[in-house]
Amino acid sequence: MKIPELFKNHKPVFSFEIFPPKKDGSLETIYKTLDELVDLKPDFISVTYGAGGTVPGGSTREIVSVIKSKYHTESIAHLTCVNSTKADVDRIIEEFKESGIENVLALRGDINPEIPPKKDFLHASDLIAYMKERGEFSFSGACYPEGHSEAGSLEEDIEHLKRKVDAGASHLISQLFFDNETFYKFLDRAVKHGINVPIEAGIMPCVNAKQIQRMVTMCGASLPPKFTRLIARFGDNPEAMRDAGIAYAADQIIDLAANGVDGIHLYTMNNPYIARKISESVSEILK
Ligand code: FAD
């Protein structure tokens, strides 16, 4: 099933994100994780793609295909293009078709200063435009409630997002954020710019202080005082921080659902315990 169809059946859609095992990891680990995640009945699961060859793209393809065929759950393959040529993408398109993959989260990927980007695809919208001509895929795209780090302004970033939607992205998933007001303002900007595809809110349960620091450095999400107080108080106590992080994420989800968002995309970090705790605490709300 193409992902936008899910939004016609019910709102909010509730989806999970997982990542493939690191380079030397076995796929068996991820299947154990999936056994538990699928039990929580997400509407779909997306699988990340390592930029710059950090994780072989083949494992993303295999996992996405297994989620659909063995776990009977809809799935999305993330695909980055910053380090790909057209020939690489042609090969991936054929592999996706052979594996029955219909849904692609088309991404540019982060630019690694040590690997000069290839020139064939400058933006995610270029990847969508290219693949659209070569297969019956449904495309999702990434969006940034606080703006992408390279964009000159929020206004410029949303104009680029509109181009991505015009190129063929029919569903968007947001970068993580900790302040729902940021997301609501972003939704207003999106509507004003004529972006009318379903937009899912990306929620990352932050359950330890180190992870929070890493996430904030990586994606530039701002931390509201309510959240920094929580880190200051519980950051040194792993169990308390875990519980507080789970409760904070659940609280964000409840508020988003109350405001009628299209969907919630939970960055599970391959942690079924956290995904279960959150899913159970919002199960009636997301029905
Ligand atoms: P783009 O949409 O191409 O945007 C990148 C920058 O270019 C932005 O500043 C934008 O404003 C600007 N821009 C866009 N179009 C144009 C244009 N036509 N003209 C001029 N400027 C333009 N990374 C991975 O490596 N693997 C993953 O699996 C992965 N999954 C992700 C999932 C989600 C939900 C999100 C939010 C991010 C994910 N990322 C992943 C990170 C992502 O690759 C980076 O954020 C990357 O820097 C931007 O990718 P993009 O597809 O948003 O790029």
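Which strand is joined to strand β1, and by how many bridges? Strand β1 (residues 13–18) is joined to strand β8 (residues 263–267) by five bridges, and the two run parallel. Helices (H or I, at least four residues) and strands (E, at least two) are DSSP runs numbered from the N terminus, and two strands pair if DSSP finds at least two bridges between them. Within this pairing, Ser-15 stands opposite His-265 in β8.

The model is predicted: local features need pLDDT of at least 70, side-chain atom pairs count only at pLDDT 80 or more, and totals for chains, interfaces and linings use all residues. Residues are numbered from 1 along each chain as its sequence is written, and side-chain values use heavy atoms, with hydrogens and water left out.

The eight strands form a closed barrel in the order β1-β2-β3-β4-β5-β6-β7-β8, with parallel pairing. On average, neighbouring strands of this sheet are turned by 25° against each other, direction ignored. Axes here are lines fitted to C-alpha atoms, for helices over the stretch in contact, and angles run from 0 to 180 degrees between N-to-C directions.

On one side, β5 pairs in the parallel sense with β4 (residues 103–107) over three bridges, and Asn-103 has Ser-138 as its bridge partner. The chain passes from β4 through α5 to β5 in a right-handed β-α-β crossover; right-handed means that, with the strands pointing away from the viewer, the path from the first strand over the helix to the second runs clockwise. β5 also pairs with β6 in the parallel sense, over four bridges, with Ala-142 opposite Ile-173. The crossover from β5 through α6 to β6 is right-handed.

Ala-124, Ser-125, Ile-128 and Lys-132 in α5 meet Arg-163, Lys-164 and Ala-167 in α6.

Notes
Contact = heavy atoms within 4.5 Å.
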